[in-house]
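I will write down what I look up as I go.

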Amino acid sequence: MTPARASADLIAPVLSGDRRALARLITRVENRAPDALEALARLHPHTGRATLIGVTGAPGTGKSTLVNALALALRQRGQTVGIVAVDPTSPFSGGAVLGDRVRMTDLAGDGGVFIRSMASRGSLGGLAAATGDVARVLDAAGFAVVLIETVGAGQSEVDIARMAHTTVVVDAPGLGDDVQAIKAGILEIADILVVNKADRPGAQNTVRALRAMLELGHRLRNTGHHGAGLLPAPPESLTADTWTVPVIETVATEHTGIADVLAALDQHRAHLHSSGEIAGRERQRVEAELLARLREALLARLLAAHDPATLAETVRRVVARELDPASAVRALVAAACGDSDASPG
Amino acid sequence: MTDGKIRVLIAKPGLDGHDRGAKVIARALRDAGMEVIYTGLRQTPEMIAEAALQEDVQVVGLSILSGAHLALIPRIIEQVRAAGLDDVLLLVGGIIPDGDIPTLLAQGVSAVFGPGTHTDDIVRFIRTALATPSA
């Protein structure tokens with residue numbers, strides 16, 4: 001084995017389009033290698049040019065196939081495309097089977113496309129902790145559009161909305177009635193709704209249910225996705241240039257409706273700029289990223305401050321009902337932070 | 001958190017359409033804590049090399065049941081080397097006559113695993129060859 005090249009050595013080749021260096025740097029970013037942070041810092045001035053598009057939806061709705069079709073259409077009009085496809089990590093073994101490339105074979109052999117599969121590695125929001133950083137590396141490498149495909153998402157995996165400029169939520173016929181459509185969560189984050197497999201029976205019912213859901217209410221965009229943001233949200237003007245979420249029917253395997261999705265993506269991008277919403281989204285994105293990084297950094301410091309035996313003993317005491325989980329956490333945090341209030345309970 | 005996972009590409013080159021064996025291996029490697037990129041059927045040597053490069057895998061596992069291994073493997077090795085992936089571990093599984101194994105090994109294949117191989121042996125081989133602590 002040749003020794004792994006340091007992240008810093010990979011920066012110049014990545015910026016000049018070396019695909020092998022790009023793949024290697026992504027690995028180091030994904031592994032949270034200490035020197036990757038420095039590389040990301042140096043790439044930061046080269047980022048901000050790519051359009052980031054999120055594609056999410058329940059398992060089996062056709063996200064990968066749609067990404068494949070969208071990427072082909074983007075290539076046909078001359079735009080380069082980076083793809084990050086996230087699949088879940090097994091909570092038991094820590095391993096993963098990443099199968100999104102199976103649907104993307106149309107893109108093989110095209111030097112204007114770069115596909116990277118990522119395992120979620122324990123993150124629960126539909127992305128991996130490093131997905132944003134990997135998207136940023138692809139941005140710096142010069143890809144005009146970065147498509148980010150989430151894990152098959154249920155109702156709460158909404159992190160993608162904080163990362164992408166435009167979020168496409170993919171639905172398919174037969175997945176639920178109109179009550180599913182008014183629940184909070186994934187449908188709320190859609191800038192564009194796609195009903196894929198629109199040639200299947202029941203597609204019109206799904207389209208109708210989604211349209212009815214959209215007519216029920218105006219979205220509240222600037223609320224934090226987990227109920228609270230870092231900063232108070234500025235009041236949102238409801239009279240300004242508001243976006244109407246389109247519902248678009250596609251049959252991604254046949255490339256039917258893809259031109260309509262592309263047109264909607266263009267319209268949404270134009271809307272973000274004309275309404276000034278792009279600045280608000282960028283602020284939200286940075287805020288969410290800072291929170292996520294703070295969480296990660298503080299957790300690592302906190303865990304490092306305790307010896308594993310203390311943690312094991314805490315688990316034992318909670319299991320034995322000698323201590324409740326909330327008090328245990330309070331004690332662990334207080335001990336690590338040197339607070340005086342370290343007594344459990 | 002800085003420990004890398006072992007990343008493995010599992011591909012089926014050529015035209016045979018039976019991917020059960022490849023899926024069994026993918027699942028076994030997943031259960032051993034590895035990240036397996038599964039690319040599916042009918043992959044050309046160019047597609048395999050391109051995917052291995054983009055995914056930055058340490059291991060490429062090929063499943064061939066068609067009997068075309070002596071024709072396919074040299075082309076795949078050529079493409080993988082042309083992509084600059086000199087240190088990738090190349091494993092072959094499927095229906096490979098014993099007499100062909102020395103030829104494949106001489107061409108640059110790291111190991112050949114025939115039917116009946118215990119998946120634990122494949123996991124152990126990969127871990128030993130990469131000298132990586134268990135994921």
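**Notebook: first pass**

I started with burial in chain A. Of its 345 residues, 41% count as buried. I noted that this is a predicted model, and kept that in mind throughout.

Next I listed the elements. Chain A has 12 helices and 8 strands. Among contacts with a separation of 6 or more, 73% join residues 24 or more positions apart.

**Confidence**

I looked up the scores before going further. The mean pLDDT of chain A is 87, and 87% of its residues reach 70 or more. Where pLDDT is low, the predicted coordinates should not be read in detail. I left those contacts alone.

Chain B came next. Its pLDDT averages 90, and 95% of its residues score at least 70. For the model I noted ipTM 0.91 and pTM 0.87.

**A strand inside chain A**

I picked strand E4 of chain A, residues 113-119. Is E4(A) buried or exposed? I found 7 of its 7 residues buried, so the strand is largely enclosed by the rest of the structure.

I then went through its two faces. In a regular strand the side chains alternate between the two faces of the sheet. On one side of E4(A) I have A:Val113, A:Ile115, A:Ser117 and A:Ala119. On the other I have A:Phe114, A:Arg116 and A:Met118. Both faces are covered, and the charged-class name A:Arg116 is on the buried list too.

Which strand pairs with E4(A)? I found strand E2 of chain A, residues 81-87, joined to it by 7 bridges. The two run parallel. One pair I wrote down is A:Val81 with its bridge partner A:Val113.

**Where the chains meet**

I turned to the contact between the chains. It takes 31 residues from chain A and 28 residues from chain B. On the chain B side, the elements giving two or more residues are helix H1 (20-31), strand E2 (35-38) and helix H2 (45-55). H2(B) gives the largest share, 7 residues. By class, this side has 12 nonpolar, 7 polar and 9 charged residues.

Strand E3 of chain A, residues 96-98, is joined to E2(B) by 3 bridges. These strands run parallel. I noted one pair to find in the view: A:Val97 has B:Val36 as its bridge partner.

Notes: Residues numbered from 1 in each chain as written. Chains lettered and ligands numbered in written order. Predicted model: local features only at pLDDT ≥ 70, side-chain atom pairs only at ≥ 80, totals over all residues. Helix = DSSP H or I, 4+ residues; strand = E, 2+ residues; numbered from the N terminus. Buried ≥ 20, exposed ≤ 12 C-beta atoms within 10 Å, placed from the backbone. Contact = placed C-beta atoms within 7 Å. pLDDT = per-residue confidence, 0-100. Pairing = 2+ DSSP bridges.
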